[in-house]
Amino acid sequence: MGKWQTRQQPWAMLPEGLSAELLPHLETVADDLLEAAQHDVPDYAAVLRGASREPIRQRVLVSLARFLEVLGTNHEALTEEQHRLHLGLGHREFQQGRPLNALFAAYRSGARTTLHSLSQHTMAAGYGAAVLVGLAESVFAYIEELSAAGAEGYAMERSERAGERDRLREAAATLLIRGDADEVAVRAAAHAAGWRLPERIVVAVLETDHHARLRTRLDDRSLLLTRARGAVLIAPEPLGAAQRAGLETALAGHDAMIGPGRPWSAAGESLALAETARGLLAADAPQDRSARWVTDHLPQLILTSNRVLVDELAQQRLGPLRHLKDGPQGRLRATLLSWLRHQGHRSPMAAELGVHGQTVGYRLHQLRALFGDQLDDPQSRFELELALRAREHDATA
């Protein structure tokens, strides 16, 4: 911070001799200021009655002395040293757990009391209304500079604490999904991060570049582990539809795949299933990038997890259709799957297929001729349905 600046400061127009007139009253002004703050700002009442009162009084005296120094000059309000002093005050306020509004209230109280006290002494020294107006403008401009420095220190400390908190929470998340840490280490990491370790968790993989924004949508029960392209979320396993919907809302728009619930010691398993599902179902990702649950797609995942085996099953069980052209083959596959779904009931089959009941009967006659006794064997019907559902998924993917 430079010592001089070109813009006109409000105190530059005040008489140079005013400082000398006010200096003998400085300690009285400081005492008045502390007494007023004790009543105006409840957050500071106990502090100003305790052992901290005298150190605070000394800082107030330093700030008031600096104010008198700048009267009649165009100097900046704060020197580098005093700027650091008020930065440190903001740091301490955050560390003590007091809200920023309390600090601002203390500065406002200080401005009112300082102006009231200094105005009385200024009038007693024989100065007129023009000087009083300039003094008032100068006091409030000076306090504004102090407030800005205190707020900056408060924000810096809060940011540093938030960064450290995020690092501790990421460390706890890393231990959980790595899966090779003992229980003592995991519980210690969770405690250091201020995170209550749930008995059961879910792990989600996300695609996002907006980690800070995502954190604002999550509560303290969740851990977020950031990655270069995406993130991993660890959250308590939802209990009921409301908690499930809440997690979906928090993850909306991030193409999240949420793994199944597991004990916290098996967090890596939930993560592995979420990553596998995301890869297998990438082509089916919703346009709105809404959250999906592994448990909602288990049959589909089973059918797509090993394409070689599924294709082999389809070739064996659907072999009787191989000689048909694409159109008739597709219609008979759809009819056979509908027959398996509806356990042979023709009315719902006709509605599902959008054809007349007689057409359903004609196609079933064809299927009976092609597949014969396979349609009567439970194991064969099960394998036929697996093969047909795999083909159905391929057609819609």
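How much space lies in the second largest pocket? In this predicted model, the second largest pocket holds about 260 Å³ of space. Its lining consists of Trp-195, Arg-196, Leu-197, Pro-198, Glu-199, Arg-200, Asp-220, Arg-221, Pro-236, Glu-237, Leu-239 and Gln-243. Sorted by class, the residues that line the second largest pocket are five nonpolar, one polar and six charged.

The largest pocket contains about 610 Å³ of space. Its lining is made up of 30 residues, and those nearest the centre of the pocket are Ile-56, Val-60, Leu-89, Ala-106 and Tyr-107. Two or more lining residues come from each of helix 2 (26-40), helix 3 (45-49), helix 4 (53-70), helix 5, helix 6 (100-124) and helix 7. By class, the lining of the largest pocket comprises 20 nonpolar, six polar and four charged residues.

Some of the helices that line the largest pocket were also examined as packed pairs. Helix 5 spans residues 80-95 and helix 7 spans residues 129-178; their axes lie 7 Å apart, at an angle of about 50°. The two helices are therefore oblique to each other, and their crossing is right-handed. On the side of helix 5, the contact is formed by His-83, His-86, Leu-87, Gly-90, His-91, Glu-93, Phe-94 and Gln-95. These residues meet a set in helix 7 that includes Leu-146, Ala-149, Gly-150, Glu-152, Gly-153 and Tyr-154. Also in the helix 7 set are Met-156, Glu-157, Arg-158, Glu-160 and Arg-161. The contact of helix 5 with helix 7 has six nonpolar, seven polar and six charged residues.

A second pair is formed by helix 2 and helix 6, which pack with their axes 9 Å apart and at an angle of about 145°. The crossing of helix 2 and helix 6 is right-handed. Helix 2 contributes Val-29, Asp-32, Leu-33, Ala-36, Ala-37 and Asp-40 to the contact. Five nonpolar, six polar and three charged residues make up the contact of helix 2 with helix 6.

The remaining pair to be described is helix 14 (residues 326-341) with helix 16 (residues 357-371), whose axes come within 10 Å and cross at roughly 90°. Helix 14 is therefore roughly perpendicular to helix 16. The contact joins Arg-331, Leu-332, Thr-335, Leu-336 and Trp-339 in helix 14 to Arg-363, Leu-364, Gln-366, Leu-367, Leu-370 and Phe-371 in helix 16. By class, the contact of helix 14 with helix 16 has seven nonpolar, two polar and two charged residues.

Key. Residues are numbered from 1 along each chain as its sequence is written. This is a predicted model: local features need pLDDT of at least 70, side-chain atom pairs count only at pLDDT 80 or more; totals for chains, interfaces and linings use all residues. Side-chain values use heavy atoms; hydrogens and water are left out. Axes are lines fitted to C-alpha atoms, for helices over the stretch in contact, and angles run from 0 to 180 degrees between N-to-C directions. Helices (H or I, at least four residues) and strands (E, at least two) are DSSP runs, numbered from the N terminus. Angles under 35 degrees count as roughly parallel, over 145 as roughly antiparallel, 65 to 115 as roughly perpendicular and the rest as oblique. A crossing is left-handed if the near helix is turned anticlockwise from the far one by less than a right angle, and right-handed if clockwise. Contact means heavy atoms within 4.5 Å. Ala, Val, Leu, Ile, Met, Phe, Trp, Tyr, Cys and Pro count as nonpolar, Asp, Glu, Lys and Arg as charged, and the others, Gly among them, as polar. On a 1 Å grid over the protein atoms alone, a cavity is a set of points where a 1.4 Å probe fits but cannot get out, and a pocket is an open set with protein on both sides within 12 Å along at least five of seven lines; lining residues have an atom within 4 Å of a point. Grid points are joined across faces, edges and corners, and a volume is the space filled by probe spheres set on the points.
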